[in-house]
2 protein chains.
Amino acid sequence: MQKYPSGLLENAVNEFARLPGVGMRTALRFALNVLKWSKEEAIVFANAVNDLRSKVNYCRICHNICDTEICNICADTERDASTVCVVENIRDVMAIEGTGQFHGLYHVLGGIISPMDGMGPSDLNIDSLVKRAESGEAKEIILALSTTMEGDTTNFYIFRKLEHTNVKISIIARGISVGDEIEYADEITLGRAIINRTEFLETGKTI
Amino acid sequence: MQKYPSGLLENAVNEFARLPGVGMRTALRFALNVLKWSKEEAIVFANAVNDLRSKVNYCRICHNICDTEICNICADTERDASTVCVVENIRDVMAIEGTGQFHGLYHVLGGIISPMDGMGPSDLNIDSLVKRAESGEAKEIILALSTTMEGDTTNFYIFRKLEHTNVKISIIARGISVGDEIEYADEITLGRAIINRTEFLETGKTI
């Protein structure tokens, strides 16, 4: 006795189960939900997924996902082209844009150096970053990678690669998260927060 | 400034967010995962979803999902055609099949009477159930619907519809779940479990 009453259902379940964090039960729930849609709705869904992969385009300058040759951020002349923020992926760009605090440009590495996952420097968009620094357009490069061993390794690799240029290299602040209590912060974070202390302004803001 | 850097990405996120229990954050995670697939993988995924909806077929007898005119369960001559288990949906068939305790046939209602959701008796496969009972092939009909007000209403409606036939109507046992502690059971369940007590067999099993 097969587990699924229909091969079509089984195929759809197996495909949904390829999505991250989706097990067989959730995949079945998704597939049974598709059965409630109209045929047209299913076609729209299928085309949206297929088009995303087949027609996707990445910005020639910063490697962010976009629909044109150059992304909206790089094409925006009101942004500060002299500051480039280096991030791991598209999601990080969206997260930083969401803060509304950064008005420079981005550089999406497309990953992080991680020998365990088979990701080496040649798999990342590092050469194009070096060219952006050498061209003289970028004056400051902000490293905004994850605070992990892989992130630190990648930061150090990029630092060595950019050493010969005149570009200023900075790194986003590591410290206590807003809303966190001091007593629960880990020692390394707390230690860095003390070393990297900033001047107290009367408004209570450090920005 | 638009939230998504690409219209293709936005479309795919909006489509993924139509799946049950998937919010915009998870939908974005799914869409970014699709970007890591090969183009062929994305086509296979899209086709599986589209085919499921466009080519789906329901068993002429029991309305279970299947790839042929009559489903594997109804077509299986080794199964007891005189016992028909009435369930709400395909998932319930899979759940009961998973127990390995039932060897009769099924009847999938395709829902449950729920005026709040606009589901009336005419939206369900009840007429074909009455015909199966009238044909004389089904000797016993087991009602296996949810223990909710809607389930009870549907049970009662079906009972009235089948009263004129000679078919025996039974209902699955309501009682304490295996592994549950008596003191935490609700009063109605515990009361029913006492009323519907079964003979104690030496093996400790009631089946």
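Reader: Which residues does Cys62(B) touch, not counting residues up to four places away in sequence?

Author: The model is a predicted one. Cys62(B) is located in the loop between β1 (57-58) and β2 of chain B. Not counting residues up to four places away in sequence, Cys62(B) touches Cys71(B), Ile73(B), Cys74(B), Leu105(B), Tyr106(B), His107(B) and Val108(B).

Reader: Does Cys62(B) count as buried or exposed?

Author: A residue is buried if 20 or more other C-beta atoms lie within 10 Å of its own. Cys62(B) has 25 C-beta neighbours inside 10 Å, and therefore counts as buried.

Reader: How far apart in space are Cys62(B) and Ala27(B), C-alpha to C-alpha?

Author: In sequence, 35 residues separate Cys62(B) and Ala27(B). In space, their C-alpha to C-alpha distance is 35 Å.

Reader: Which element gives the most to the side of chain B that touches chain A?

Author: The contact involves 45 residues of chain B and 44 residues of chain A. On the chain B side, the elements that give two or more residues are α1 (7-16), α2 (24-34), α3 (39-55), β2 (65-66) and α5 (90-99). With 15 residues, the element that gives the most is α3(B).

Reader: How many residues of the side of chain B that touches chain A are nonpolar?

Author: That side includes nine polar and nine charged residues. Its nonpolar residues number 27.

Reader: How far apart do the C-alpha centres of domain 1 and domain 2 of chain A lie?

Author: Domain 1 of chain A covers 7-55, and domain 2 covers 77-172. The distance between their C-alpha centres is 35 Å.

Key:
Residues numbered from 1 in each chain as written. Chains lettered and ligands numbered in written order. Predicted model: local features only at pLDDT ≥ 70, side-chain atom pairs only at ≥ 80, totals over all residues. Domains from an automatic or database assignment. Contact = placed C-beta atoms within 7 Å. Helix = DSSP H or I, 4+ residues; strand = E, 2+ residues; numbered from the N terminus. Nonpolar A, V, L, I, M, F, W, Y, C, P; charged D, E, K, R; others polar. Buried ≥ 20, exposed ≤ 12 C-beta atoms within 10 Å, placed from the backbone.
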